[in-house]
Amino acid sequence: MNGNMYDKITEYILENREKFYRLAYSYAHERETALDIVQNAICKALEKYGTIRDENSINSWFYRVLVNEACSHIKKNSREVSVGDEKMPEQVYVEKAFELGEELYKKVDMLPEMLKTVIVLRFYEDMSLEEISRVTNTNLNTVKTRLYTALKKLKKFVMEVAE
Amino acid sequence: MNAFSDAKKIYNTTEIPDELESIVRNAIEKSAEKARKKERLSRFSLISKVSVAACAVLVLLGALNAFNPLYNLSDDRTTEKFGRSIPDAVMPKTMRSAHTNTVVNDRINEAMSEKIASARQGYGKVSELDSENISVIADYSICYESDDIVSFVVLIDKSWDSSDRDKFYYNIRTSDASDITLEDFLGKDYAEKVDRSMNKNRANASARNMPVAEADVAFAEEMSFYINASGNAVVVFSESGTEYEITE
């Protein structure tokens, strides 16, 4: 085992665990499932840590594994995922000013998986388009197209953003 | 402040479970333990090391029964769950047990060898990777088993590809290991049955505001399938990985 790189990866995972959970939860909408996704992603990533040579690529590499794991879980369990009270994050206090954001949050959540991933990574995780390209293993133009398509679907909310 | 900022605030209010840290630490520890165990068992496990220089694949299929590196994790959370309904215990027992029918075992081994060889060919396109740490790991899982039929999936992990493992489904007769087609399993009107079940599942998903894969529109002859623990065919869209259980 390359201990140095392994340690860097585990340190990165521990530091960012809450971000990973939030991303997993945005797909799963259920606490236990989100924890499963995070744990499985960690196991899969560490199993293949030897493929990482550059520590600067750890972030996009791990997000790629995590997004794959989350999407894979959703596909396998699409007939079983509940969309009840847990659709929104637990214990959220929403002020009136947040109403538009809340509506947008719900709309983003209902986007097809590939479009949702681009929006979540771009606007919630603040990733650049190049990073999203690496995470989703697609070329930059595809990312741009998906982003455009997603924003088009969210048009009336995006108009608000453009003001 | 714009709407996306507000949506992000909602996203960031996702409550973090207290046990997250311990689960993460546990996963890291188990992975480290698994890596150490794998190193110890490497001579016996089903790991094909691909040397770029020699471009050779070394496979020790016979060791699969005794050592199953992908499933060493005992915690339920980390055990690969396939098709939701397959008991984890089924997977290792079948190969180890006296599947009195050696034809089945031979077919599983043959399938894994084929897929390892294919993975090796695919590696040729990935030139920028270091020649060390290049490996192909093959495993299998029994999806369904009866006196007449065995349905199994071959799982291929490639160390140079961090995306999900590749899955290849096989449905064979226990008598002669010949393939069973969807028509054999569902009857002559198999295509209509698949489409009806898919439409029903999609309608249910849509009614529950669940995302529906736009590309997965209709049955195609090349679709693969497996048989789940309930004895129903489950068709799989290879591109998206979406599965539809055929309940008719």
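This is a predicted model: local features need pLDDT of at least 70, side-chain atom pairs count only at pLDDT 80 or more; totals for chains, interfaces and linings use all residues.
Residues are numbered from 1 along each chain as its sequence is written, chains are lettered from A and ligands numbered from 1 in the order in which they are written, and side-chain values use heavy atoms, with hydrogens and water left out.

**The sheet in chain B**

Strands of a sheet pair through backbone hydrogen bonds, either parallel or antiparallel. Here β5(B) and β6(B) (residues 233-236) pair in the antiparallel sense over four bridges; two strands pair if DSSP finds at least two bridges between them. Three strands of chain B form an open sheet in the order β5-β6-β7. β5 (224-227) and β7 (243-245) of chain B each have a single partner strand, so one side of each is left without a neighbour in the sheet. On average, neighbouring strands of this sheet are turned by 25° against each other, direction ignored. Strands (E, at least two residues) and helices (H or I, at least four) are DSSP runs, numbered from the N terminus.

**Helices that cross**

Now for the helix pairs. Axes are lines fitted to C-alpha atoms, for helices over the stretch in contact, and angles run from 0 to 180 degrees between N-to-C directions.

| Helix pair | Angle | Axis distance |
|---|---|---|
| α5(A) and α1(B) | about 75° | 7 Å |
| α6(A) and α1(B) | about 95° | 10 Å |
| α6(A) and α8(A) | roughly 95° | within 9 Å |

How are α5(A) and α1(B) oriented to each other? They are roughly perpendicular, a label for angles of 65 to 115 degrees (under 35 is roughly parallel, over 145 roughly antiparallel, and the rest oblique). Their contact (heavy atoms within 4.5 Å) includes Leu104(A) and Tyr105(A) of α5(A) and Ile10(B) of α1(B). By class, this contact has nine nonpolar, one polar and two charged residues. Ala, Val, Leu, Ile, Met, Phe, Trp, Tyr, Cys and Pro count as nonpolar, Asp, Glu, Lys and Arg as charged, and the others, Gly among them, as polar.

Helix α6(A) is also roughly perpendicular to α1(B). Ile119(A), Val120(A), Phe123(A) and Tyr124(A) in α6(A) meet Phe4(B), Ala7(B), Lys8(B) and Tyr11(B) in α1(B). These residues divide into seven nonpolar, no polar and one charged.

Within chain A, α6(A) and α8(A) are roughly perpendicular too. Their contact includes Ile119(A) and Phe123(A) of α6(A), and it has nine nonpolar, one polar and three charged residues.
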